[in-house]
Amino acid sequence: MLKQRNEQVQAAARALDMVVCVIAFFAAYHLRDSDLELFAKQGSIEPIDSLTWLLGMSIVLHLITYPLVGFYESLRMKSVPDIISMVSRAGIIEFFVAAAMVFLVQAKTTSRYFFGLFLLINYTLILLEKLSVRLLLSIIRTRGYNFRKVLVVGTGSHAARMIDTLQKHAHWGYVPTGVLRGSGDH
């Protein structure tokens, strides 16, 4: 049951990440195509349909890169710096791979501003998504939902410290329900 639910959560997270990518693509295009003074000197941008290959490539990169950097592992015990690091690593990998692809296919008409905006918006939204999910789940767990019962193995100060740590970090969602002494414990 837990494995099935975990697979469903991962599938939903992947789908949400892809939606964020598409939103970032269109937001970057419309921002780059706008009358903002920052982009006025850059001239017009090519039609959006000539850039959809970049969106497709980005989605494929997401499907490969995100699992490698731990996007779909539980956020239960990840700190905010851990999440920032994970998103940063994915962004750096995508930047270099996508830049290499742009260079290799010699897409000289691809707007560098659009490319940069797309990645910046995408990874800003992804970071906000991951931090929001972590916060929401932490709030839910501190209210007594979405938790896992755990059995602490050992005795003495080690077991007491583990129980204390789990109780101090209720947002992790681990609730100690008992202590199991090993055969060598006294």
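Predicted model: local features only at pLDDT ≥ 70, side-chain atom pairs only at ≥ 80, totals over all residues.
Residues are numbered from 1 along each chain as its sequence is written. Local features need pLDDT of at least 70 and side-chain atom pairs 80 or more, totals for chains, interfaces and linings use all residues, and side-chain values use heavy atoms, without hydrogens and water.

User: How many salt bridges does the structure hold?
Analyst: Side chains of opposite charge can pair when their charged atoms come close. A salt bridge here is a side-chain nitrogen of Lys or Arg within 4 Å of a carboxyl oxygen of Asp or Glu. The number held by the structure is three.

User: Which residue forms a salt bridge with K130 at 3.2 Å?
Analyst: K130 lies in helix α5 (residues 112-142). Its partner lies in helix α1 (residues 2-32), so the pair ties together parts that are 113 residues apart in sequence. Helices are DSSP runs (H or I, at least four residues), numbered from the N terminus. With closest N and O atoms 3.2 Å apart, the partner is D17.

User: Is D17 buried or exposed?
Analyst: Buried means under 20% relative accessible area, exposed over 50%, and partly exposed in between (1.4 Å probe, protein chains only). D17 has 0% relative accessibility. That makes D17 buried.

User: Which residues are linked with D17 in a network of salt bridges?
Analyst: K130 bridges to D17. E129 also forms a salt bridge with K130, with closest N and O atoms 3.4 Å apart. Both E129 and K130 are buried. The residues linked with D17 are E129 and K130.

User: What is the angle between the planes of F25 and F118?
Analyst: The structure holds 11 aromatic pairs. Rings of Phe, Tyr and Trp (its six-membered ring) pair if their centres lie within 6.5 Å; planes under 30 degrees apart are stacked, over 60 edge-to-face, and the rest tilted. F25 and F118 are edge-to-face, 5.6 Å centre to centre, and the angle is 90 degrees.

User: Where do F25 and F118 lie?
Analyst: F25 is buried at 0%, and F118 is buried at 1%. The two are 93 residues apart. F25 is in helix α1 and F118 in helix α5.
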